[in-house]
Amino acid sequence: MAHRLTAALLLGCTASLLVPSLTAQSSANTSPAKLAIIPMPREAAPAETYPLTQGIEVTCASPCDADDTFAVEDFKAFLAARSIPVQTSAPVHIFVTRYGTSSNAKSIYTDALPKGSPQEPTDAIKPEGYAIIPDKQGIALTGFTASGVFYALQTAKQMIEGNGTQAVLHTATIRDWPALKYRGLHDDLSRGPFPTLDFMKHQLNVLAAYKVNIYSPYFEHTMQYTGHPLMQPPGGHLTQAEARELQAYAARLHILVIPEQEAFGHLHYLLNYEQYTPLAETPHGHVLAPGSIGSTQLIREMFTELSNIFPGPFLHIGADETVDLGRGATKPEVDARGLGPVYLDFMQKIVTDLKPLNRRLLFWGDIAYKEPALLKAMPAQFKKDTLAVAWEYNPHPSFDQYITPFTNAGFETWVAPGINNWSRPYPNYNYGLSNIQSFTAAGQRLGATGQLNTIWRDDGEAIPNNDWYGILFGAEAAWHQGQASIPAFQSSFGRSFHGDSTGSIDQAQKELMLCHQLLKDSDYKSDGSDLLFWIDPWSADGQKQAVQLRPVLRDLRLHAEAAMVLIAKARNMNPGLRETDAIDALELGARRFDLIGLKFQIADEMALGYQHAYSLQGSKVREDRIEVAHELNLINAVNGKLQDLRNNYSLLRDLYEAAWLKSNRPYFLRNNLERYDLTIQLWLSRIDKVRTAQRQWTNDHTIPPASDLGIPAPPPATK
């Protein structure tokens with residue numbers, strides 16, 4: 001391959017690099033295909049498409065250093081996973097070269113330039129930028145660094161569509177570089193689910209494929225510290241050996257690991273131990289008391305161990321949501337001086353105490369941003385040693401108020417949006433995508449240097465494979481200059497991540513977004529929380545919610561069921577779909593929404609049916625007596641409505657357990673399965689109660705009042 005490119009350059013025919021020869025076009029589809037690349041390159045002009053019926057040739061120009069060799073081998077492993085053979089004699093090729101090593105590389109970059117552009121890459125482009133051009137029957141690519149070459153090949157992966165002999169290579173002229181220097185994922189590893197090491201490596205592979213260069217695991221009590229062995233729960237923590245393995249794995253993928261260990265608040269699990277009670281602001285609370293000598297010693301010991309495991313330039317000290325501060329040991333001081341000064345004084349103490357580690361310390365901005373004057377007055381050394389992470393997870397017309405207190409005070413600042421996955425049957429991507437889009441764009445405009453997209457698992461039920469939609473849009477928004485397009489992302493996600501060319505997966509995601517929107521627009525004013533999935537519709541609280549939800553239940557179910565049908569369609573039409581665990585999780589989310597609707601619907605139907613039966617029990621008319629038995633059988637029989645709820649919760653219990661174990665360790669799973677088991681037992685107990693009422697009807701033709709069985713009054717008749 002390399003000699004063909006060189007020959008073209010020597011002949012001065014650089015145009016042939018952009019427009020394949022007539023011979024080459026004979027096997028190509030001359031109608032450029034729409035690119036489905038995430039993040040979408042900054043400059044991209046689609047060109048021809050070539051079939052890979054005879055495989056593909058992949059070559060790296062000499063010298064090909066170790067990093068570029070790794071990137072090429074990673075690309076070949078991707079081809080092997082797609083059953084696309086790498087053949088040295090294949091008619092379609094990919095040529096890889098590092099910029100600056102040959103005239104070939106310089107010409108690739110030059111030929112990718114728009115007319116009139118400077119011929120040399122700028123300082124903004126060099127660190128991670130790359131260029132790709134069509135080269136006869138294939139593409140040639142170059143990057144300016146190891147990261148640039150790696151990212152060029154990640155883009156090339158998304159230019160291949162299909163599997164095996166049905167695969168094709170879409171070519172294009174591309175010049176690309178990121179808007180933000182730091183593009184990260186912050187992953188909650190402390191609220192229940194704890195991933196397996198294999199899944200964490202899979203996460204890193206996906207992050208790298210979409211050009212994310214930061215991974216920040218969040219620890220409250222789930223990192224192993226040899227100096228504090230009480231801290232980590234058995235079976236639910238990252239060992240130091242695992243952490244070192246993960247760190248080395250990430251480095252090959254050009255991902256920097258920035259561990260967050262909470263160093264002020266969110267330490268409830270540790271402070272529950274009696275040994276650590278003297279360090280707490282309140283007994284068995286959440287926050288370290290700033291006045292305790294042992295607090296700074298604990299922080300120093302934890303972060304010294306972290307720094308020995310993770311060699312990067314950053315550590316994250318958390319320091320968010322210090323809800324107990326001023327309510328216990330420091331109450332007199334907070335009353336006298338105010339919360340802000342006490343908080344920032346302790347922050348300075350932490351930063352000073354960790355100075356020997358020679359790391360910049362990230363901290364969450366939710367407390368400090370409320371004190372703009374104090375932030376400006378902070379010592380210059382504190383600002384130099386720290387990095388403020390402004391966070392907010394809901395959509396807003398403007399995010400400036402969360403960012404400017406830090407940028408105006410001279411802090412380097414990152415923004416932290418959220419995918420809105422917490423405490424929901426499926427993430428609310430109406431909120432998540434909007435929040436990520438606008439907050440990241442505001443950060444770029446106001447001078448933020450990074451984005452740290454966040455995942456939280458507050459109630460411990462979230463399934464990690466539900467999160468990819470928000471993770472990938474976070475990657476899009478951080479790489480994209482300006483405001484990323486939600487519609488463009490939504491039309492590319494299914495093809496890029498799952499290999500679904502039908503659009504069905506994309507539409508299924510939209511259907512679940514519509515489920516959330518319906519619940520938000522209902523009188524309930526919810527965005528679809530787990531509460532609705534677990535609430536007992538016969539309880540007083542459940543009946544209150546039912547009044548507000550009834551107008552949207554039918555449409556809620558239709559959207560959820562449409563998602564299930566679309567998923568089945570995608571699977572049937574393309575058995576080679578990728579990331580099928582995530583598709584299973586998507587279907588589970590749809591089934592959970594559908595059960596929310598079914599539960600409230602048939603709760604009403606049972607209440608109406610029992611009221612009807614009760615009203616007829618004194619009748620001597622044979623048909624009325626038959627009707628009583630019929631209504632009772634509709635409620636409780638082989639295919640009764642009570643059985644419907646038992647059966648559906650049982651099915652979802654098994655599907656949930658399977659989904660959990662595809663990514664997580666068994667730790668904490670029992671807590672969630674018990675919720676399913678308790679709910680199943682609830683409906684089983686009601687089956688037994690109604691069966692007793694049915695026997696009573698058989699014996700003496702009476703049935704007890706509905707209230708004796710826990711059945712609520714039926715809903716009022718609608719006009």
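Analyst: A residue counts as buried at under 20% relative accessible area, as exposed at over 50%, and as partly exposed in between, using a 1.4 Å probe and protein chains only. By that rule, the buried residues of helix α8 are Q240, E242, A243, L246, Q247 and A250. Viewed down the axis of α8, these buried residues fall within an arc of 150°, so they line one face of the helix; the arc is that of the directions from the helix axis to the C-beta atoms.

The structure is a predicted model, in which local features need pLDDT of at least 70 and side-chain atom pairs count only at pLDDT 80 or more, while totals for chains, interfaces and linings use all residues. Residues are numbered from 1 along each chain as its sequence is written, and side-chain values use heavy atoms, with hydrogens and water left out.

Helix α8 covers residues 240-252, 13 residues in total, and spans 19 Å from its first C-alpha to its last, close to the expected 18 Å. That expectation is 1.5 Å times one less than the number of residues. Helices (H or I, at least four residues) and strands (E, at least two) are DSSP runs, numbered from the N terminus. Among the elements covering the buried residues of α8 are helices α7 (197-209) and α10 (293-309), together with strands β9 (214-219) and β10 (256-257). After α8 comes H254, with a positive phi near 65°.

The wider packing can be described through nonpolar cores, which are sets of buried Ala, Val, Leu, Ile, Met, Phe, Trp, Tyr and Cys residues joined through side-chain atoms within 4.5 Å. The largest has 189 residues, of which F303 and L472 touch the most other members. Helix α23 (residues 580-616) supplies the largest share of this core, 18 residues. Another core, of 16 residues, lies apart from it and includes I214, I258, L362 and W391. Beyond its neighbours within four places in sequence, F303 is in contact (heavy atoms within 4.5 Å) with Q261, A263, L315, H316, I317, L354 and L357.

As for confidence, pLDDT is the predictor's confidence in each residue, from 0 to 100. The protein has a mean pLDDT of 93, and 95% of its residues reach 70 or more. Over residues 1-26, however, pLDDT stays under 50.
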